[in-house]
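This briefing goes through one protein structure by topic. Please keep the sequence and the 3D view open while reading.

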Amino acid sequence: MDLPFIAATLTRRGLLTPGGPIRVVSQLNALRRWGWNLGGELRQAAAREPDRIALIDEHGATTTYQELLDRAERLARSLRSGLGVRAGDRVGVLGRNHHGLIEAIVAAMLIGADAVLVNTGLSAAQLSTVAEEQGLRVLVHDAEFGERVVGLPSGVHRVDERAQEALIAGAAPGDRLQPPERDGRTIVLTSGTTGAPKGARRPTPHGFGPLVSIIDRIPLRARNTIMISAPIFHTWGYAALQVSFALRATIVLHRRFDPATTLAALTRHRCDALFAVPVMLQRLMEAPPPQPRPPLKVVAVSGSALPGNLATSFMDRFGDVLYNLYGSTEVSWASIAGPAELRAASTTAGRPPHGTRLAILDADGHPVGEGQVGRIFVGNEMLFEGYTSGTGRESRDGLLDTGDLGRVTADGLLFVDGRADDMIVSGGENVFPSEVEDLIARLPQVREVAVIGVPDPEYGQRLAAFLALHPDETLDPEAVREYVRRYLARFSVPRDVVFVKYLPRNATGKVLTRELGRFFD
């Protein structure tokens, strides 16, 4: 990425403003010595503005950047001296959004250990498998998960919240930590909606490029107040944390998402931005419209598709502040859709940001024509380094396969048609469940919908639609089929229409399609 563009974007977003010479030198020196991982970003923020509030929790308690760094350093010293954690070891972190989770991640990186971000939705058996496969030396976890971690391999040290506080309070005095012999990395577990989660090794940024790619298109500014509702163990929530540290933002965190308390916090803390996942927007829309409207300038979402007309209805209520980032754990980001693009086409994934390459390829790796569906390949500075199992993803000419199918229209907008393995062949026709989902989601009676492929003895596969309705609403299965038949081809009409109270989702809001498939076992 060219330096003039980087400098212009950083200036536009308020990051190159003058400051005290000593503070600025200390800030730059922190990045030079510690690098651009989360530990380095926290150090630069504390060096520049040590007394600025870094975190506000759901009780209103605050932590400054210097206090957060001091606590993370003390925890790092105790992990090293008390539990024997060394550079290259792996420290699992299992927690909801609060200061203890962040302190544990930063502490691991400060001593060169890899932080493994563990999904809070995993079962006890899955946690045991993850601990063994990832070779965890320590698992730092919230107290509420105590019963789930009792079956971990015997060699894994378990540190709950009380023990974590004791490690911080009892840290041996000493000089400031020195940069470790290797950079601590982040390992994010894939969502595991269709099977066991895999560990994906996330790269460490090597400069301002990744930050600039995001804030050029999403108008976040230095010293914003940002609420992060997306789970930090998820790629999107973790990215929000990285961006917030880089911006020296004040971060508002709640352990659990609740629409009413979130709306109240956005107004009370005068939040400039909210990071969320799409299902959270749906829940916010179900709450009474807030008065006054929160002073949001940015609502940034990622993690799954925006269904139906959610984008436009959300902006009608909260203003044209919505930004939808399409990406994945493996490719980080691929494209960003801003308010104008979402107004024009509510389901678009937008356009690639600066420094990102995107290609739509056929099965043989050749580019497809304009508007034709193919496999989405992406190239940028933050492509993952492979799975911890040693496997990777297909790549072509420096572009990585997202595993999704999509198309780019004449005006350059990307549309994602769904996972490549979600597409079904019914009676010889290719059918994309997401197209049917988007259509059904527009019915006013429908709260949420998922469409999947199920086995069919005559056609090979057929579509099944699962609908959760708004309270006191009713809908006839044949009316749903007739509605789809009116707008789409006959092979897109779901043979099965199943009404459920709610759709099963994982901790990041993605629908667990394997659970729905069991209706037909």
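Thr120 sits in the loop between β4 (114-117) and α6 (124-133). The model is a predicted one.

**Thr120**
- Thr120 counts as buried because its relative accessibility is 6%, and buried means under 20%.
- Not counting residues up to four places away in sequence, Thr120 touches Leu94, Gly95, Arg96, Phe145, Arg148, Phe233 and Ala507.

- Gly92 has Leu139 in β5 as its bridge partner.

**The eight-stranded sheet**
- Another open sheet has eight strands, ordered β2-β1-β10-β9-β11-β12-β13-β14, again with mixed pairing.
- At the edges stand β2 (62-64) and β14 (332-337); each has a single partner strand, so one side of each is left without a neighbour in the sheet.
- The twist here averages 20° from one strand to the next.
- Strand β11 (residues 273-276) and strand β12 (residues 298-301) are a parallel pair with four bridges.
- In this pair of strands, Ala273 stands opposite Val298 of β12.
- Strands of a sheet pair through backbone hydrogen bonds, either parallel or antiparallel.

**Helix α4**
- Helix α4 (residues 65-83) lies across β1 (53-56) and β2, and runs at about 80° to β2.
- The 19 residues of α4 should span 27 Å at 1.5 Å a residue; the end C-alpha atoms are 26 Å apart, which agrees.
- The buried residues of α4 include Leu68, Leu69, Ala72, Leu75, Ala76, Leu79 and Leu83.
- Gly84 follows α4 and has a positive phi, near 75°.

**Helix α5**
- How far apart should the ends of a helix with 12 residues be? At 1.5 Å a residue, helix α5 (residues 99-110) should span 16 Å, and its end C-alpha atoms are 16 Å apart, which agrees.
- α5 is mostly covered, with 11 of its 12 residues buried.
- The buried residues run from Gly100 and Leu101 through Ile102, Glu103, Ala104, Ile105, Val106, Ala107, Ala108 and Met109 to Leu110.
- Just after α5, Gly112 takes a positive phi of about 80°.

**The nonpolar cores**
- The largest nonpolar core has 103 residues, and Ile105, Leu220 and Leu322 have the most contacts inside it.
- α5 gives the largest share of this core, nine residues.
- Which residues does Ile105 contact, leaving aside its neighbours within four places in sequence? They are Leu38, Val93, Ala115, Leu117, Ile232 and Tyr238.
- A second, separate core has 20 residues, among them Val446, Leu475, Val484 and Val493.

**Leu342**
- Leu342 belongs to helix α13 (residues 339-344).
- With a relative accessible area of 0%, Leu342 is buried.
- Leaving aside neighbours within four places in sequence, Leu342 is in contact with Leu306, Ala311, Thr312, Met315, Leu322, Asn324, Ala337 and Thr348.
- Leu342 and Leu306 are 36 residues apart along the chain, and their C-alpha atoms are separated by 10.0 Å.

- Strand β22 (residues 446-456) is mostly covered, since eight of its 11 residues are buried.
- β22 pairs with strand β23 (residues 460-469) in the antiparallel sense, over 10 bridges.
- Ala450 has Phe466 in β23 as its bridge partner.
- Three residues lie between β22 and β23, and the two strands form a hairpin.

How values were computed. Residues numbered from 1 in each chain as written. Predicted model: local features only at pLDDT ≥ 70, side-chain atom pairs only at ≥ 80, totals over all residues. Heavy atoms only, no water. Expected span 1.5 Å × (residues − 1). Buried < 20%, exposed > 50% of the residue type's maximum accessible area, 1.4 Å probe, protein only. Pairing = 2+ DSSP bridges. Axes fitted to C-alpha atoms, helices over the stretch in contact; angles between N-to-C directions. Contact = heavy atoms within 4.5 Å. Core = buried A, V, L, I, M, F, W, Y, C linked by side-chain atoms within 4.5 Å.
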